Amino acid sequence: MNLVIYPGSFDPVTNGHLDVVRRAAGIFDRVVVAVMQNQRKTPLFSVEERMELLRRVTRDLSNVEVDTSMELLGAYAASRGARVLVKGLRAMSDFELEFQMALVNRKLYNNLDTVFLTTSESNQYLSSSLVKEIGALGGDISPFVPPAIWEAVRKKLIEGE
């Protein structure tokens, strides 16, 4: 079985994330979207909320599963029997960080490879941080996130739910 892990914080999931999930689902037999904890970020949504939002927007993809882990990514991949990670790239600045992480993961887990998917042109500038900033300032984030995500961000930022 051809299993890939697509890790990220997904806070919130954007059209760019969903594009990578859909493309990975077309390449690999099974895709596990892994909501990871990033200690450098203060999340808008809890891990459970992010997982639920991801399940909503991927429910039409029968070979996609949403999960989470608190362990090192390589250890998590090994525990799932995955030998491949998929990461999305928007720009050269993404590549530097992702390449460094891929090398470290490969050093720690020598049978773990990383496959990079470049984002679609329409999503090159898109990030969860930018979506949160636009939303917090009352801007329209609907072009950047799936409708279910737009509503959840609106509720969280505007209504404080």
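Reader: Which residue does Glu 98 form a salt bridge with?
Author: In this predicted model, the partner of Glu 98 is Lys 87, and the closest N and O atoms of the two are 2.7 Å apart.

Reader: Where in the chain do Glu 98 and Lys 87 lie?
Author: Glu 98 belongs to helix α4 (residues 92-108) and Lys 87 to strand β4 (residues 84-89), so that the pair, eleven residues apart, links distant parts of the chain.

Reader: And are those two buried or exposed?
Author: Glu 98 counts as buried because its relative accessibility is 13%, and Lys 87 counts as buried too, with a value of 12%.

Reader: How many salt bridges are there by this rule?
Author: The count comes to eleven salt bridges. One of the others is formed by Asp 11 and Lys 132, whose closest N and O atoms are 2.9 Å apart. Asp 11 sits in the loop between β1 (3-8) and α1 (15-27), while Lys 132 sits in helix α5 (residues 128-136), so this pair ties together parts of the chain that are 121 residues apart in sequence.

Reader: Why does Asp 11 count as buried, and what about Lys 132?
Author: Asp 11 counts as buried because its relative accessibility is 4%, and Lys 132, at 18%, also counts as buried, since the cut-off for buried is under 20%.

Reader: Which residue does Glu 49 meet in a salt bridge?
Author: The side chain of Glu 49 meets that of Lys 156, with 3.0 Å from N to O. Because Glu 49 is in helix α2 (residues 47-58) and Lys 156 is in helix α6 (residues 147-159), the pair ties together parts that are 107 residues apart in sequence. Glu 49 is partly exposed, at 30% relative accessibility, whereas Lys 156 is buried, with a relative accessible area of 19%.

Reader: Switching topic, which strand does β4 pair with?
Author: β4 pairs with strand β5 (residues 113-118) in the parallel sense, over six bridges, and within this pairing Leu 85 stands opposite Thr 114 in β5.

Reader: What does the chain pass through from β4 to β5?
Author: The chain crosses from β4 through α4 to β5, and this β-α-β crossover is right-handed.

Reader: OK, how many aromatic pairs are there?
Author: By the rule used here, the count comes to three aromatic pairs. One of them is Phe 95 with Phe 99, which is stacked, at 5.2 Å centre to centre and with 20° between the planes.

Reader: Why are Phe 95 and Phe 99 separated by about one helical turn?
Author: They are four residues apart in helix α4, so about one helical turn separates them. An α-helix has 3.6 residues a turn, so residues three or four places apart point the same way. Phe 95 is partly exposed, with a relative accessible area of 29%, and Phe 99 is partly exposed as well, with 39%. Ring pairs also link Phe 95, Phe 99 and Phe 116 into a cluster.

Reader: Last topic: what caps the N-terminal end of α1?
Author: Thr 14 does, with a side-chain oxygen that lies 3.2 Å from the backbone nitrogen of Gly 16. Gly 16 is itself among the buried residues of α1, which also include His 17, Leu 18 and Asp 19.

Reader: And how far apart are the end C-alpha atoms of α1?
Author: They are 19 Å apart, which agrees with the 18 Å that its 13 residues should span at 1.5 Å a residue.

Terms used
Residues numbered from 1 in each chain as written. Predicted model: local features only at pLDDT ≥ 70, side-chain atom pairs only at ≥ 80, totals over all residues. Heavy atoms only, no water. Salt bridge = Lys/Arg side-chain N within 4 Å of Asp/Glu carboxyl O. Helix = DSSP H or I, 4+ residues; strand = E, 2+ residues; numbered from the N terminus. Buried < 20%, exposed > 50% of the residue type's maximum accessible area, 1.4 Å probe, protein only. Expected span 1.5 Å × (residues − 1). Polar contact = N/O pair within 3.5 Å; in protein donor to acceptor, adjacent residues only side chain to side chain. Pairing = 2+ DSSP bridges. Right-handed = clockwise from strand over helix to strand, strands pointing away. Phe/Tyr/Trp six-rings, centres within 6.5 Å; stacked < 30°, edge-to-face > 60°.
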